[in-house]
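This briefing is meant for someone meeting the structure for the first time. Please look over the sequence and the model before reading the points below.

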Amino acid sequence: MSDIKTRFENLQSSTLRLRNSTAAERAEKLKKLWAGMLARKEDIFKAGNAERGTHDLDVAAELVMIKAEIDHAVKNLAGWVKPHKVKGAMGTFGKKCEIRYQSKGVVLNMAAYNAPTAECFVPMISAMAAGNAIAIKPSEYAPQSAQIIEEIIAGALPADEAQTFQGGVETAQELLSLPFNHIYYTGGNAVGKIVMKAAADHFASITLEMGGKSPVIIDETADLENAATKLAWGRVMNAGQVCIAPEYVIIHESRQEEFQKLISKKIETLYNSDGKGLENSQYVPRIINERHHGRISGLISDAVSKGAEVVFGGSSDVSTRYIEPTVLTNVSEDMKVMQEEVFGPVMAVMPFKNREEVIDIIAKRPNPLALYIYSKDNDAVEYFLTNTSSGSAVVNNNCVQAGTNPNLPFGGVGASGMGRAGGFEGFKELSNARSIVHQPLDRFRDFLIMLPPYSDKYKNIIMKGLK
Ligand code: NAD
């Protein structure tokens, strides 16, 4: 028996105990988990810096997101856990109806590398709030973070409630072969398909948090300076390794040139304010590894070889895993940069003449995780919202919809994912919404009129229900 299987069985052994734990007990554990994280914050900052060249404040913002989730769960858990009474209906006349959110059992959380701490802990908070045992599989591409995550979890929770499984693809595959009750996955959609297939073997429910090509629409009425500032930030943040980052801009042709000048200027203003060069900026992070560096620089060279024009940036240095923030125009559908998620600091800009064209361009790709609209025209905003689909959307801003408000569920649609994370929706995602009907036994409410042989009275009731 492998070590992984034995550790999984240890988690399984606590299922009933955790299911019957009180809201107060779960809240205490969440607080303890947060205390463990806070005590290691400097180490978490250092790991982010070593792995992705991040600024301490960027990683601190990731921890703020986690704390907001914990605080929200601690504050609301008692209300989430208690039976939720629901209104009666003709079919349940005289009976008491309620929903009880029960734990699913053992949840596996497989995370990506780009925000390793949040991706491990945010789903874990929902899993713990819902009374599940949890197995965490951090990304092997962020090993320092993974080690700290393992130590925090081991310090805060017993081994039969939460465990960390470090390792690469082999570890992930072994975990996927086990009968978890729910698999929560963050990553690309090639592996998403593998997860979905593995879940089928055990009828595990799944949450898939994936990515895609999130578009930006800028119409003729937009405040361009404002849009360019926010988009420069949205694309360069975490070196573009953000699942909801703006990937490509579809802009009204009358504003394209002005926008290209503005975004180039804004990248300099935000990321090269001391004039030492973008590659020396403490605010421009690095690509996680050489493989992804090669993939992203390959997308730029493929686009250029097929006629794309470099408006800004374009250079890269594999020795420091640096990709210069890059803006491309004159892009076409045959370029890989328009087909694949870049997940790096490269933005493509393309013009549109009329609104219908925008919808056609977006529809060429699978449903994105996010969609951004810059416009001052409310009619146009409604048109773009109602004629597209995405996991989330933001008007006149970007990247502010995730991890910012536990009342806003986060997730994708179709190829960008399924299921929701955060707050009450995240709690429900990792719970079994169990419908319970209580039948009072007095003769006024406990009638068996629906049993054969059917009476005229029953016939009248049913036929009335058809009207
Ligand atoms: P990835 O798919 O390469 O890896 C994710 C996880 O899957 C890792 O834990 C890895 O060990 C495991 N894995 C890799 N290959 C596997 C295999 N063959 N079988 C089983 N498991 C395997 O993803 P990534 O490159 O680390 O992350 C980038 C992607 O994640 C992007 O597409 C991005 O958009 C997406 N993402 C989505 C969200 C979200 O919340 N929607 C957040 C962050 C990242």
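What follows describes the domains, the interface between them, and some of the side-chain pairs.

This is a predicted model, in which local features need pLDDT of at least 70 and side-chain atom pairs count only at pLDDT 80 or more, while totals for chains, interfaces and linings use all residues. Residues are numbered from 1 along each chain as its sequence is written, and side-chain values use heavy atoms, with hydrogens and water left out.

**Domains**

- The chain is divided into domain 1, made of 3-210 + 415-434, and domain 2, made of 214-407, with bounds that come from an automatic or database domain assignment.
- Taken over C-alpha atoms, the centres of domain 1 and domain 2 are separated by 30 Å.
- To the contact between them (heavy atoms within 4.5 Å), domain 1 gives 20 residues and domain 2 gives 25 residues.

**The interface**

- Domain 1 and domain 2 bury about 1,700 Å² between them, 50% of it on carbon and sulfur atoms; buried area is the accessible area (1.4 Å probe) that two parts lose on being put together, summed over both.
- Of the area that domain 1 buries against domain 2, R52, Y113 and Y141 supply 29%, which is more than any other three residues.
- Between the two domains there are 0 salt bridges, a salt bridge being a side-chain nitrogen of Lys or Arg within 4 Å of a carboxyl oxygen of Asp or Glu.
- On the side of domain 1 that touches domain 2, the elements that give two or more residues are α4 (41-52), α5 (56-81) and α15 (423-429), where helices (H or I, at least four residues) and strands (E, at least two) are DSSP runs numbered from the N terminus.
- The largest share of that side, 4 residues, comes from α5.

**Side-chain pairs**

- The whole structure holds 11 aromatic pairs, meaning rings of Phe, Tyr and Trp (its six-membered ring) with centres within 6.5 Å, where planes under 30 degrees apart count as stacked, over 60 as edge-to-face and the rest as tilted.
- Y101 and F424 form one that is edge-to-face, at 5.8 Å centre to centre and 85° between the planes.
- Y101 lies in strand β2 (residues 96-103) and F424 in helix α15, so this pair ties together parts that are 323 residues apart in sequence.
- The count of salt bridges comes to 22, including one between D160 and R17, whose closest N and O atoms are 3.0 Å apart.
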